[in-house]
Structure formats: C-alpha cells, structure tokens
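Dear colleague,

Please find the structure below, together with its sequence.

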Amino acid sequence: MIKKIFSGVQPTGNLHLGNYLGAIKNFVNFQNQEKAECIYCVVDLHAITVKHDPAKLKNSIRETTATFLASGLDFKKSVIFKQSDVPSHSEGSWILGCTAKMGWLNRMTQFKEKAGKDKEKASIGLYIYPILMAADILLYDTTHVPVGDDQKQHLELTRDIAQKFNQEYNLNNFFKIPEPMIQDEFARIMSLKDGKKKMSKSEISDFSRINLNDTKDIIVNKIKKAKTDPLPIPESIEELKKRPEAQNLLGIYSSLNNQGLKDTVNEFSGKNFSEFKKSLSDLLIDKISPISSEINRLNKDISFIDKVLTEGGFKAHEISSKKVKKIKEIIGF
Ligand code: AMP
Ligand code: TRP
C-alpha cells in the first residue's frame, strides 16, 4: 500500500531543534521511503490565528520553506507548498466545521494554553484552528501524519471529524482515517532552561532553544548555559526520570545520533555534565551547522524559494480541488 503523508509547520519565526527532531527529520525519512507520497505544507492560514506582523510573516513563510529544503526535503520528491495558495483548505475547513461539534473543540488543550486567561479575547480562528488542520489532512486522503507529541489531540479530532462525516452521509471510507506518526522516544524536546517546558518558538528567552540557524558559537554558548544538575550522569534510564533537564539533554544527543537513550547513558555514565556538554555541542554543530548554512544560502535566493512554493501550490491544488468537488456533490451543492 502506498502511504500518503501530510504534515504542516507554522511559519512563525525561526524553527528550532524541537521542530527538527520532533517533526522535520521524520518528514525527510518518509520522503526517502519508496512507497510514500509526501506533502508538506507551510501553514500560513494557521499563523494568523494570533496577532502577527505581515512583513515578518512574509519572511517566515520563505524561511520555513528554506528550512524544509535545508533539512533535506526535495521539492522534486515531495510536494512543498503554502496553505494560502490553495483555496481548498479554507473551503474544506468551513464545510468540516459544520460537522465538528463545539463540545469536541472545547476539549482542545492547545486552545486553552494559547488563549490564556482571557478566552473571550481569543480569535475565533484560534478556536477553530483544529478544523482547518483536519481539512489540511483529509483533503489529500492522507494515511499518515508525522507530528510532534503536542499535536496528538488535534489528530484525534481529525479522525473524529472524518468518521462523523462518513457516517452522516453514509459513506464508506470517503475520508480516510489518518494515523498520527509520533515517535516513541524523544517526541517532545524540552526547553534548555526548564526540562518541564516544551522547547518553543514563543518562549521569550532565546537561550531556551537551539534555532536551526544558530551559528556554531551560539550553539556552544547555549549548551554551556543549559540548565543541568550537580550530579554526574547516572547508570540507568530509571534514575534520569527524576532529572528532567539531564534527561532532555541526553535525549537530544540520542535523537541526533540516531541511538536509544540507553546507549547514551552507557556511553556517558559516571561522567560529569561539562564533559557531556562538550560532546553534545560537537554533535549539534556536526548535524545542525550544515542545515544552518544552507538556510542562510537559500534565504538569499528568494526567487528560487518562491518558485518551489508556486510549483507545489499547483500540485496541491490539483489534488485537493478534486476532493472538494466530490465533497460538494455529497453535501448537495
Ligand atoms: P509548530 O512550530 O508548532 O508549527 O510545530 C511544527 C512541528 O514541530 C509539529 O509537528 C510539532 O508537533 C513539532 N514540535 C514543535 N515543538 C516541538 C518540541 N519542543 N518537541 C518536539 N516536537 C515539536
Ligand atoms: N497545528 C500544527 C502545529 O501547530 C501545524 C499543522 C497545521 C499541521 N496543519 C497540519 C500538522 C496538518 C500536521 C498536519 O504544529
């Protein structure tokens, strides 16, 4: 069976190590599998659900595309496009919004986190954002969705919407029920300053994350300052569980080096953090610097980036508009 892969990343500032290890690295793995058709979307419609600066958004769209390419996505193998170029997404989102229930959306924890204390002032867009995400996925008959751990609930909602629509209109498998592809290990990369908080673009301190365009010196400095504890590296994974910062740094090392946490613990047990941090910085520089220099090169080649997006947009439109046409027939338009 051919796997149909779809995923999206918001163009909201620089992408970081969490985006890379939790999502983009997997996008590349799927692209390089034989029986997989991959579609990767820069989800700019999602990015306007919170206050934004139009000039910065324009830049971030290109930069996110550059990051996809610099991380190993190939626009000849995968469809790479931006969401607002393809009207099917907004159209599909409206229609699916008439199937989704308020009660389902009210459970979404990401809305609660992002809306904060004053929910009344959050945009309607932020509230119905998971419906747009469901449209993104369902319009392409997606079978697998590689995402980080934080998107699990949105994927469950997508599955509920697909099932409900199929049932409402007596359809057998019209919308495919997509599988989330969330890594078992290292699905959530944590902040360098607080091992209990997710590494995130929106965290104020830049020292909380490694950006994919950080220079070597910045990487070394950020790892040097990363929070740890005074104990040496333990002998077992069990002992790491009570030490979130230590666990996170060892997890980052393992994920970058494509090895299990146990192997990393074995490699460094008994050593102190200053020694481990040196190895971690070296590994980060080895893996991230080539991506960062390619991002910088591509950022200067705007016409190439725009061409990639335009071409991808045509392909995405061709696929999704056919699905929207069928949906319209089904619902009686
Ligand atoms: P976003 O930047 O929120 O659009 O996220 C893009 C992708 O990166 C999604 O699949 C997220 O689940 C994933 N992601 C974001 N932050 C992290 C993190 N700290 N650890 C792992 N995955 C993440
Ligand atoms: N909501 C996702 C995030 O914030 C981004 C996203 C939008 C997405 N549409 C998608 C991810 C479709 C996977 C599939 O990270």
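Does Lys-278 count as buried or exposed? Please bear in mind throughout that the model is predicted. Lys-278 belongs to helix 13, which covers residues 273-299. Its relative accessibility is 53%, and the cut-off for the exposed class is over 50%, so Lys-278 counts as exposed.

Two loop residues come next.

The first topic is Ser-78, which sits in the loop that joins helix 3 (54-70) to strand 3 (79-82). Ser-78 has a relative accessibility of 2%; buried means under 20%, and Ser-78 therefore counts as buried. Its side chain makes a polar contact of 2.9 Å with the side chain of Gln-31. Leaving aside residues up to four places away in sequence, Ser-78 touches Cys-38, Tyr-40 and Leu-73 as well as Gln-31.

A polar atom of the His-16 side chain lies 3.0 Å from the backbone nitrogen of Gly-18. When residues up to four places away in sequence are not counted, His-16 touches Met-199, Ser-200 and Lys-201, and also Arg-209, Ile-210, Asn-211 and Leu-212.

Finally, I turn to a pair of helices.

How do helix 11 and helix 12 lie relative to each other? Helix 11 spans residues 244-256 and helix 12 spans residues 261-268; their axes come within 9 Å and cross at roughly 110°. Angles of 65 to 115 degrees count as roughly perpendicular, and the two helices are therefore roughly perpendicular to each other. The crossing of helix 11 and helix 12 is right-handed. On the side of helix 11, the contact is made by Leu-250, Gly-251, Tyr-253 and Ser-254, while helix 12 contributes Leu-261, Thr-264, Glu-267 and Phe-268. Sorted by class, the residues of this contact are four nonpolar, three polar and one charged.

Yours sincerely

How values were computed:
Residues are numbered from 1 along each chain as its sequence is written. Chains are lettered from A and ligands numbered from 1 in the order in which they are written. This is a predicted model: local features need pLDDT of at least 70, side-chain atom pairs count only at pLDDT 80 or more; totals for chains, interfaces and linings use all residues. Side-chain values use heavy atoms; hydrogens and water are left out. Helices (H or I, at least four residues) and strands (E, at least two) are DSSP runs, numbered from the N terminus. Buried means under 20% relative accessible area, exposed over 50%, partly exposed in between (1.4 Å probe, protein chains only). A polar contact is a pair of N or O atoms within 3.5 Å; within protein, one must be able to donate a hydrogen and the other to accept it, and residues adjacent in sequence count only if both atoms are side-chain atoms. Contact means heavy atoms within 4.5 Å. Axes are lines fitted to C-alpha atoms, for helices over the stretch in contact, and angles run from 0 to 180 degrees between N-to-C directions. Angles under 35 degrees count as roughly parallel, over 145 as roughly antiparallel, 65 to 115 as roughly perpendicular and the rest as oblique. A crossing is left-handed if the near helix is turned anticlockwise from the far one by less than a right angle, and right-handed if clockwise. Ala, Val, Leu, Ile, Met, Phe, Trp, Tyr, Cys and Pro count as nonpolar, Asp, Glu, Lys and Arg as charged, and the others, Gly among them, as polar.
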